[in-house]
Amino acid sequence: MSHAADPHASDFRHDWSVAEIRAIHDLPLLDLVYRAAGVHRAYNDPSDVQRASLLSIKTGACPEDCGYCSQSAHHKGTGLPRQRLMPVETVLAEAAAAKANGATRFCMGAAWRSPRDGAEFDSVLDMVRGVRGLGMEACVTLGMLTASQAERLADAGLTAYNHNLDTGPDYYDKIVSTRTYEDRLNTLERVREAGIGVCCGGIIGLGEGVGDRVAMLQVLANHAPHPESVPINALAAVPGTPLGDTATPVDPFDMVRMCATARIVMPKARVRLSAGRKALSREAQALCFLAGANSIFYGERLLTTANNEADSDAALLQDLGIRVAEPILAAAE
Ligand code: SAM
Ligand code: DTB
Ligand code: SF4
């Protein structure tokens, strides 16, 4: 299609200003959802909602001090037991079970600042190969990577690397002091250069302003190409973490606004309704899907906190008429 003939050609932009994105974000809610739904349907099949299952393959004792995270060694009061890297067979058995339940993507998270080369990293490579061997998409989130680690993950067949920006650049140092925004951007560049898909999003409910949320979306949208997937998390408030103890709950409409705005500025990205979905009603989730969210974490655990029941998700998707594979239909009956 020629540029002039495509009414949506201008949707794929990488030169957004914060003010432009703010104007979209702040539209009257239903105008925003209507516009986002139009972009969503122009570029994506609205009945296709991806189900991704998540597993913490190495839990706790993380040297970073992310203020929201149950796994930081800096937050002593969370009572989270630490767990070494899981054996490859255990992880692959979990992946196979997730596949049998209808997940098509398996995401593995490790509480590392950055992976050490050696036996543990080699095990992660085996996990990636194993998950790909099951015919699933494989995603890992391991912290900061070197270029050589990114290349080895790519060679193992990794579909995507998750590395979130969390919030806008100006608010980042209020949330994390042990690394910089620049560190995050550098890893994202290495992932992209290795030819791995980029999964990058953030969290709302950290005490940030709307300006910080919009600034994060600007950074994401001005990446060329856009990230293939964009997780939108609401803070999962964990007692014993600095933010979990002080946070005020996120308004479900704020999640709708983030999903819709992400959809408009990144028309083809998988916008993943991530942490915090448990606090959303079925109706609020439906509004997020209408606004362009087209992926969820599926399975009763995120990394260390609870997620929605698989049966109620299966029922929700079925009730909305969203395309579902056989196993999930069985779960809904
Ligand atoms: N250690 C790696 C890292 O930070 O890149 C990978 C694991 S980390 C738990 C993955 C992402 O989960 C974080 O970047 C953050 O955006 C999100 N996350 C962690 N704890 C959260 C919470 N309590 N609520 C919402 N999102 C959270
Ligand atoms: C993402 O953006 N959200 C997921 C995944 N990427 C790794 C993690 C959510 C974690 C929620 C808190 C927990 O369960 O510890
Ligand atoms: Fe560690 Fe990741 Fe948690 Fe930060 S978000 S403390 S880097 S596990």
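Here is a walk through this predicted model, from the whole chain down to a few single residues.

The average pLDDT of the protein chain is 92, and 94% of the residues score at least 70. Residues 1–5 are a place for caution: their pLDDT is below 50, and beyond near neighbours in sequence this stretch has two contacts in the model. Where pLDDT is low, the predicted coordinates should not be read in detail.

Now to the overall build. Eleven helices and nine strands make up the secondary structure elements of the protein chain. For 333 residues, a compact globule would have a radius of gyration near 20 Å, and the value of 19 Å found for the protein chain agrees with that. If you like to picture dimensions, the C-alpha trace spans about 55 × 45 × 40 Å along its principal axes. Of the 333 residues, 53% are buried. Among contacts with a separation of 6 or more, 74% are between residues 24 or more positions apart.

As for charge, the protein chain carries 32 positive and 40 negative side chains, with the centres of the two sets 2 Å apart.

Arginine 51 and asparagine 101 are 50 residues apart in sequence, yet their C-alpha atoms are 9.7 Å apart in space. For another pair, turn to helix H2, residues 29–43, where you will find aspartate 31. Aspartate 31 counts as partly exposed, at 45% relative accessibility. Its C-alpha atom is separated by 37 Å from that of alanine 98, which is 67 residues away along the chain.

Next comes strand S4, residues 160–162, which includes asparagine 162. Is asparagine 162 buried or exposed? Asparagine 162 is buried, with a relative accessible area of 15%. Leaving aside neighbours within four places in sequence, asparagine 162 is in contact with Cys139, Val140, Thr141, Cys199 and Pro231.

Finally, have a look at the backbone in some of the loops. Most residues other than glycine have a negative phi, and most peptide bonds are trans. Alanine 61 has a positive phi, near 60°. This alanine 61 lies in the loop between strand S1 (50–58) and helix H3 (88–100), and at 32% relative accessibility alanine 61 counts as partly exposed. Aspartate 166 also has a positive phi, near 70°, and its place is in the loop between S4 and helix H6 (181–193). At 2% relative accessibility, aspartate 166 counts as buried.

Which residues does a cis peptide bond join? That bond links alanine 224 and proline 225, with omega about -5°. Proline 225 belongs to the loop between helix H7 (210–221) and strand S7 (229–234).

Note on methods
Residues are numbered from 1 along each chain as its sequence is written. Chains are lettered from A and ligands numbered from 1 in the order in which they are written. This is a predicted model: local features need pLDDT of at least 70, side-chain atom pairs count only at pLDDT 80 or more; totals for chains, interfaces and linings use all residues. Side-chain values use heavy atoms; hydrogens and water are left out. pLDDT is the predictor's confidence in each residue, from 0 to 100. Contact means heavy atoms within 4.5 Å. Helices (H or I, at least four residues) and strands (E, at least two) are DSSP runs, numbered from the N terminus. The radius of gyration is taken over C-alpha atoms; the globule rule is 2.2 Å times the number of residues to the power 0.38. Buried means under 20% relative accessible area, exposed over 50%, partly exposed in between (1.4 Å probe, protein chains only). Lys and Arg count as positive and Asp and Glu as negative; His and the chain ends are not counted. The place of a charge is taken as NZ of Lys, CZ of Arg, CG of Asp or CD of Glu.
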